Amino acid sequence: MTARTLYYAPGACSLASHIVLEEIGAPYETIRLDLAKGDQRAPEYLAINERGRVPALYEEGWVLTENAAILRHLARSHPEAGLLPEDLRGQAAADEWMAWLSTGHHIAYAHVRRPERYSADEAAFSEIRAKGADTFGDLCTMTEVRLSNGGWALGERYSVVDAYLLVFWVWARGPTIGFDMPALFPAWTAHARRMAERPAVRAVFAREGLALPA
């Protein structure tokens, strides 16, 4: 392995960490997992991340998991990239955003995508999915309001938060949720389109085989 390796799955939440690795410009490698085939449960991967999920970041004998932690670590390891504010309140605002996304949007989406995590009764799955979709929509509306002034998540400064936001825009437009993002969430869609202009985002979307926001 090189000094830094990202374990990811195309279109998964690891997309955020993948983008930030590309943004900082330091050497790294990627190992692609096929979640549909169960690569995340293979013994080789469980030896890296016993939780069996992505992302996982390997650095010289050390492994870090969870997007919010990886994003902060990468930004702090490469301050020259300017991906986190230097002031305490700015950092707190970034932490607030990432907590909001990881504990709100991600969990609501999981109720739609993975209802078996929340009930062993298959008869309950449709209700879990429906409620998860409603909650996800409400959260997207609140995020739309937060982005309605234009610019980036933290104002004029691009940050790791913007990479994380893009994950949930992609998920919202995908087949699991199927929102018409330009019609329902124009400010968030404008943000996603600004993201699509960044070379790092273009490179990662091409590597993962994803369609850029349009």
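The model is a predicted one.

Start with helix α3, residues 67-77. Its buried residues are Asn67, Ala68, Ile70, Leu71, Leu74 and Ala75. These residues cover an arc of only 165 degrees around the axis, which puts them on the same side of α3. An α-helix has 3.6 residues a turn, so residues three or four places apart point the same way. What do the buried residues of α3 pack against? Two of the partners are the strands β3 (56-59) and β4 (62-65). Strand β1 (4-8) is another partner. On the helical side, the partners are α1 (14-24), α4 (88-113) and α6 (160-173).

After α9 comes Gly209, with a positive phi near 75 degrees.

Next, take a helix pair. Helix α5 spans residues 125-146, and helix α8 spans residues 186-196. Their axes come within 7 Å and cross at roughly 70 degrees. An angle from 65 to 115 degrees counts as roughly perpendicular, and α5 and α8 are therefore roughly perpendicular to each other. Which residues make the contact? From α5 come Cys140, Thr143 and Glu144. From α8 come Pro186, Ala187 and Trp188. By class, the contact residues divide into 4 nonpolar, 1 polar and 1 charged.

Now the aromatic rings. A pair of aromatic rings is described by the distance of the centres and the angle of the planes. The whole structure holds 9 aromatic pairs. In one of them, Tyr7 and Tyr45 have ring centres 5.5 Å apart and planes at 50 degrees, so the pair is tilted. Tyr7 lies in strand β1 and Tyr45 in helix α2 (residues 43-46), so the pair ties together parts that are 38 residues apart in sequence. Both Tyr7 and Tyr45 are buried. Phe179 and Phe185 form another pair, with ring centres 5.9 Å apart and planes at 50 degrees, so this pair is tilted too. Phe185 has 5% relative accessibility and counts as buried. Phe179 and Phe185 also belong to one aromatic cluster.

The loop between α5 and α6 holds Trp152. Is Trp152 buried or exposed? Its relative accessible area is 16%. The cut-off for buried is under 20%, so Trp152 is buried. Beyond its neighbours within four places in sequence, Trp152 contacts Arg157, Tyr158, Asp162, His191, Arg194, Met195 and Arg198. Met195 is 43 residues away from Trp152 along the chain, yet their C-alpha atoms are separated by 9.4 Å.

Tyr158 is found in the loop between α5 and α6 as well. At 9% relative accessibility, Tyr158 is buried. Not counting residues up to four places away in sequence, the contacts of Tyr158 include Ile19, Glu23, Gly82 and Leu83. They also include Trp152, Ala163, Met195 and Arg198.

Last, the backbone. Where is the cis peptide bond? It joins Val54 and Pro55, with omega about 0 degrees. Pro55 sits in the loop between α2 and β3. Glu60 is not a glycine, but its phi is positive, about 45 degrees. Glu60 belongs to the loop between β3 and β4. With a relative accessible area of 68%, Glu60 is exposed. Glu66 likewise has a positive phi, near 75 degrees. Its place is the loop between β4 and α3. At 48% relative accessibility, Glu66 counts as partly exposed.

How values were computed: Residues are numbered from 1 along each chain as its sequence is written. This is a predicted model: local features need pLDDT of at least 70, side-chain atom pairs count only at pLDDT 80 or more; totals for chains, interfaces and linings use all residues. Side-chain values use heavy atoms; hydrogens and water are left out. Buried means under 20% relative accessible area, exposed over 50%, partly exposed in between (1.4 Å probe, protein chains only). Helices (H or I, at least four residues) and strands (E, at least two) are DSSP runs, numbered from the N terminus. The arc is that of the directions from the helix axis to the C-beta atoms. Contact means heavy atoms within 4.5 Å. Axes are lines fitted to C-alpha atoms, for helices over the stretch in contact, and angles run from 0 to 180 degrees between N-to-C directions. Angles under 35 degrees count as roughly parallel, over 145 as roughly antiparallel, 65 to 115 as roughly perpendicular and the rest as oblique. Ala, Val, Leu, Ile, Met, Phe, Trp, Tyr, Cys and Pro count as nonpolar, Asp, Glu, Lys and Arg as charged, and the others, Gly among them, as polar. Rings of Phe, Tyr and Trp (its six-membered ring) pair if their centres lie within 6.5 Å; planes under 30 degrees apart count as stacked, over 60 as edge-to-face and the rest as tilted.
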